Amino acid sequence: MRLRVEFTTEPFDLDEAPAHAVVAREVIQSAELDAVDVGPFGNTAEGGADAVLTAVDALLRRSLAAGATRVSLQVNVIGDAEEGEK
């Protein structure tokens, strides 16, 4: 099964990325995911279910430890792993 995660961390800072946002992006960019897109107002990534769920766990733990007061995320099933490999 393939999943897509979309997430944001708060509080926002328009002048520079807060530590919790930097940490969250580092977690996603270093995970074994594909189709990673990070931006100032939202981030998305796709991958196999195990990789996405592992990354989400690390994302929550590390961004909260770095000062996030809210993490909003959505996880969607987008298909089977085999479909993505065709």
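How do the residues of the lining of the largest pocket divide into nonpolar, polar and charged? There are 10 nonpolar, six polar and three charged residues. Keep in mind as you look around that this is a predicted model.

**Stop one: the largest pocket.** Begin with the pocket itself, which holds about 230 Å³ of space. Next, colour β1 (2-10) and α1 (19-30), the elements that give two or more residues to the lining. The largest share, four residues, comes from α1.

**Stop two: helix α1.** Now select His20, Ala21, Val23, Ala24, Val27 and Ile28, the buried residues of α1. Turn the view until you look down the helix axis: these buried residues fall within an arc of 165 degrees, so they line one face of the helix. What covers them? On the face turned away from the buried side, pick out Gln29 and Ser30, which are exposed.

**Stop three: Thr8.** Move over to strand β1 and select Thr8. Is Thr8 buried or exposed? Its relative accessibility is 18%, so Thr8 counts as buried, the cut-off being under 20%. Leaving aside neighbours within four places in sequence, Thr8 is in contact with Phe41, Gly42, Arg70, Val71 and Ser72.

**Stop four: two backbone details.** Most residues other than glycine have a negative phi, and most peptide bonds are trans. With that in mind, zoom in on the peptide bond from Glu10 to Pro11: this bond is cis, with omega near 10 degrees. Pro11 sits in the loop between β1 and α1. Then go to Ala35 in strand β2. Phi of Ala35 is near 55 degrees, a positive value in a residue other than glycine. At 47% relative accessibility, Ala35 counts as partly exposed.

Definitions and conventions:
Residues numbered from 1 in each chain as written. Predicted model: local features only at pLDDT ≥ 70, side-chain atom pairs only at ≥ 80, totals over all residues. Heavy atoms only, no water. 1 Å grid on protein atoms, 1.4 Å probe; cavity = no way out; pocket = protein on both sides within 12 Å on 5 of 7 lines; lining within 4 Å. Points joined across faces, edges and corners; volume = space filled by probe spheres on them. Nonpolar A, V, L, I, M, F, W, Y, C, P; charged D, E, K, R; others polar. Buried < 20%, exposed > 50% of the residue type's maximum accessible area, 1.4 Å probe, protein only. Arc of directions from axis to C-beta. Contact = heavy atoms within 4.5 Å.
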